[in-house]
Amino acid sequence: MARSVTTQRKLTFTILGWAIGLLIFFPILWTFLTSFKTEGTAVATPPQFLFFDWTLENYHEVQSRSDYMKHVTNSVVISVGSTLIGLALAIPAAWAMAFSPTKRTKDVLMWMLSTKMMPPVGVLVPLYLIFRDWGLLDTRLGLVAVLTMINLPIIVWMLYTYFKEIPGEILEAARMDGASLMKEIVYVLTPMAVPGIASTMLLNIILAWNEAFWTLNLTAANAAPLTAFIASYSSPEGLFWAKLSAASTMAIAPILIMGWFSQKQLVRGLTFGAVK
Amino acid sequence: MATLQTRATARLMMSPAVILLFLWMIVPLVMTLYFSFLRYNLLMPGTEEFIGFLNYQYFLTDPAFFTALGNTLMLVGGTLLITVIGGILLAIVLDQPFWGQGIVRLLVIAPFFVMPTVSALVWKNMLMHPVNGLFAWIARSFGFQPIDWFAQLPLFSIILIVAWQWLPFATLILLTALQSLDGEQIEAAEMDGAGALSRFYYLVLPHMSRAITVVILIQTIFLLSVFAEILVTTNGGPGLQTTNITYLIYAQALLQFDVGGASAGGIVAVILANIVAFFLIRLIGKNLER
């Protein structure tokens, strides 16, 4: 593998790569910068890039605005809650499929995947009516339930691909030594599975945090997470760019950082193991 | 070497997930199917009656359906075109060694983590605004007339936003595929005098073909259901110019309260998605056998 890379070639790709990277990242950077401007500077022509009076006023204002913290809490409760319940359901299932596969395991996996292909509008009407009749509209409980179900196939699949990589010989050795199933799971497998479970968790929190079909359709004022809160800026408050930017920055920053940490697992999770 | 007992345990461990997922899939779907044969409007309670395929007939002959179908195809096709071609080029660039590669990679995948409502509003207001937007300023500083994006090119504007969100996904997956390419094979081709273009065409592209298929199929599944971006920018307008199937059914259900008609539309959407899903499932299933 001695492909010599000339400095000139490296320099060319450095410039090209950074130019493309910054171009793609620009809308996010621009949102971040605008969040520190006054509303007047935000719409100024020509645009102010760095040399303006930086202010934190927008952040104060967005946070003091009626119920910002409620929406943050909703986002956290819904994304973390649905992920944890999903994991609780999926870990045993993926475990069984990875370590005691039967002829039908593959069919079950494929079927689970196929539920993910169902377009949400196909079940919008009945779910809306069920939610209305059961008093689940605009509740966190309802959203946690829905997001758990829509992400469950991804969780099972990701865990399955991770569990598959744990060598079966280790299990057999533990069994020979007389370990019970419980002990086998707690002492032998869990330590090996923790990294896989952690990255599955991370990716699913991200997906649930950004989910914007059910969160927009099934919530109003009370259970609305940040996706729906930001949507309320569509008009006419969208004209307040600096505040929109501050709210947006706060809504995406934590998840962007988590996303960067989970980038290696992203491919596996989103392609159901088809590309590794 | 699974004993009978472990097999029973395995079934027990799987059952909660399987049963819940089964209920989640089948109950609403059967309800949608049932509603689709009813005259059922929430604004006119008590008038529900069985009307056979009338809802389907209305839905499928409504000019709005064809507009929405066309828009859906444009949205999916346009986004795929941008993200797949852009993704291939980006993957190739990111695969070259250069300074700060890791950071650039992070910058490129960032849009994927931005929630749809944020990206749509930021693009619509701060970039594409016809007077104060950044694009308008760039156009003016080069002496062009700024484009009023959402008035003149509404569907294309949405395609741009959605493509920006999905480009990182395509890039990341194609990059992963590219990195598994055998370097020695490329080197050998290089020594045999193959130019950069023929190396790309005969070696790189075939190697990536599976990943490209996966990108196309998975993105199609998600792109058929684009919703939030439309809701917060155009509400499907002007007219029906940015209404896709998903938005059309949403409007019929939650704005016009036509449960029957929306259900018929929902079933049509399920059928459309299933056609794509059929191919995707086969592809992934094949991979599972290896």
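This is a predicted model: local features need pLDDT of at least 70, side-chain atom pairs count only at pLDDT 80 or more; totals for chains, interfaces and linings use all residues.

Mentor: Residues are numbered from 1 along each chain as its sequence is written, while chains are lettered from A and ligands numbered from 1 in the order in which they are written.

Trainee: How many residues of chain B are in contact with chain A?
Mentor: Contact is set by C-beta atoms, placed from the backbone, that lie within 7 Å. On the chain A side, 86 residues take part. On the chain B side, the number is 90.

Trainee: Which element gives the largest share of the side of chain B that touches chain A?
Mentor: Helices are DSSP runs (H or I, at least four residues), numbered from the N terminus. The largest share is 18 residues. They come from residues 4-35 of chain B, helix α1.

Trainee: How do the residues on that side of chain B divide by class?
Mentor: Ala, Val, Leu, Ile, Met, Phe, Trp, Tyr, Cys and Pro count as nonpolar, Asp, Glu, Lys and Arg as charged, and the others, Gly among them, as polar. The side of chain B that touches chain A divides into 70 nonpolar, 18 polar and 2 charged.

Trainee: At what angle do helix α1 of chain A and helix α3 of chain B cross, and what is that orientation called?
Mentor: Axes are lines fitted to C-alpha atoms, for helices over the stretch in contact, and angles run from 0 to 180 degrees between N-to-C directions. The axes of α1(A), residues 7-34, and α3(B), residues 63-95, come within 10 Å and cross at roughly 135°. That makes α1(A) to α3(B) oblique, since under 35 degrees is roughly parallel, over 145 roughly antiparallel, 65 to 115 roughly perpendicular and the rest oblique.

Trainee: Which residues meet where α1(A) contacts α3(B)?
Mentor: By class, this contact has 6 nonpolar, 1 polar and no charged residues. α1(A) brings F13(A), L16(A), G17(A) and I20(A). α3(B) brings L90(B), V93(B) and L94(B).

Trainee: How many of the 12 residues of α5(B) are buried?
Mentor: Buried needs 20 or more other C-beta atoms within 10 Å, exposed 12 or fewer, and partly exposed is in between, with C-beta atoms placed from the backbone. The buried residues of α5(B) include W123(B) and K124(B). α5(B) is largely enclosed by the rest of the structure, because the buried number is 12 of the 12.

Trainee: Is L248(B) buried or exposed?
Mentor: L248(B) is found in helix α12 of chain B, residues 245-255. Leaving out residues up to four places away in sequence, L248(B) touches A64(B), A68(B), T243(B) and G265(B). With 26 C-beta neighbours inside 10 Å, L248(B) counts as buried.

Trainee: Which residues does L134(B) touch, not counting residues up to four places away in sequence?
Mentor: L134(B) lies in helix α6 of chain B, residues 134-141. With 18 C-beta neighbours inside 10 Å, L134(B) counts as partly exposed. From chain B, L134(B) touches M126(B) and L127(B); from chain A, W30(A) and P47(A).

Trainee: What is phi of D138(A)?
Mentor: Most residues other than glycine have a negative phi. D138(A) lies in the loop between α6 (124-133) and α7 (140-164) of chain A. D138(A) is partly exposed, with 16 other C-beta atoms within 10 Å. D138(A) is not a glycine, yet its phi is positive, about 60°.

Trainee: Where is F257(B), which has a positive phi near 60°?
Mentor: F257(B) is a residue other than glycine. With 15 C-beta neighbours inside 10 Å, F257(B) counts as partly exposed. Its place in chain B is the loop between α12 and α13 (259-289).

Key. Two residues are in contact if their C-beta atoms, placed from the backbone, lie within 7 Å. Helices (H or I, at least four residues) and strands (E, at least two) are DSSP runs, numbered from the N terminus.
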